[in-house]
Amino acid sequence: MAGCAIGSIGVVFSVSVAAPATQDAAGFAALTYTKVAALLSFPSFGGVAAVVSNTPLETGEECKSPGAINWGSVPLNGLYTEEDPGHLIMLSGFSGANKGDDLSYELVYPNGAIRYLRGFVTTYTENPGDSGTNMMMDTAIELNFEP
């Protein structure tokens, strides 16, 4: 019998400015990561292949083949924590010393499964909100490699 669904509570997302020596689990696992605190959600992620399409005049039937793969982007939102080291690394990747650099990311699921990601920060915004809300932070990563 199959097990119960895995809940999202306990997901931990971390970041490293270092690049892995090898683009595999061992290379990523050898890095030191800093947790990005107080994330509220983590969206779906993965690749989407473009479709290359041509229609020969002779047949009029479309001929398709797989094209380039886009690994997508990962928009994240969380509570704003000004002194959190993970938030500061994300901000550095957007507009600081690591601006435009591909950063390494580790996503650990509650069941212990790990996903490694690599990409650059495309967004970092703060939202002070109003008297009935918490201050928020939004950031996004554009993935350059297969998770």
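Is V15 buried or exposed? V15 is buried, at a relative accessible area of 0%. Buried here means under 20% relative accessible area, exposed over 50%, and partly exposed in between, with a 1.4 Å probe and protein chains only.

Some ground rules come before the tour. This is a predicted model, in which local features need pLDDT of at least 70 and side-chain atom pairs count only at pLDDT 80 or more, while totals for chains, interfaces and linings use all residues. Residues are numbered from 1 along each chain as its sequence is written, and side-chain values use heavy atoms, with hydrogens and water left out.

Take the overall layout. The chain has 2 helices and 9 strands. Both are DSSP runs numbered from the N terminus: helices are H or I with at least four residues, strands are E with at least two. Their order along the sequence is β-α-β-β-β-β-β-α-β-β-β. The radius of gyration is 19 Å, well over the 15 Å that the globule rule gives for 147 residues, so the chain is more spread out than a compact globule. That radius is taken over C-alpha atoms, and the rule is 2.2 Å times the number of residues to the power 0.38. The C-alpha atoms fill a box of roughly 65 × 40 × 35 Å along the principal axes. Of the 147 residues, 28% are buried.

Contacts come next. A contact means heavy atoms within 4.5 Å. Among contacts between residues at least 6 apart in sequence, 59% join residues at least 24 apart. V15 belongs to strand 1, residues 12-16. Not counting residues up to four places away in sequence, V15 touches several residues, including G86, I89, M90 and S104.

At the start of helix 2, a side-chain oxygen of D84 comes within 3.1 Å of the backbone nitrogen of G86.

Now follow S104 into strand 7. S104 is buried too, with a relative accessible area of 0%. Its side chain reaches the backbone oxygen of A18 at 2.7 Å. The side chain of S104 also makes a polar contact with the side chain of R118, at 2.9 Å. A polar contact is a pair of N or O atoms within 3.5 Å; within protein, one must be able to donate a hydrogen and the other to accept it, and residues adjacent in sequence count only if both atoms are side-chain atoms.

E106 is also in strand 7, residues 103-108. E106 is buried yet has no salt bridge; R115, the nearest side chain of opposite charge, is 11 Å away. A salt bridge needs a side-chain nitrogen of Lys or Arg within 4 Å of a carboxyl oxygen of Asp or Glu. For charge, Lys and Arg count as positive and Asp and Glu as negative; His and the chain ends are not counted. The side chain of E106 does make a polar contact with the side chain of Y116, at 3.5 Å.

End at helix 1, residues 25-29, which holds A26. A26 counts as exposed, at 57% relative accessibility. A26 and V52 are 26 residues apart along the chain, and 34 Å separates their C-alpha atoms.
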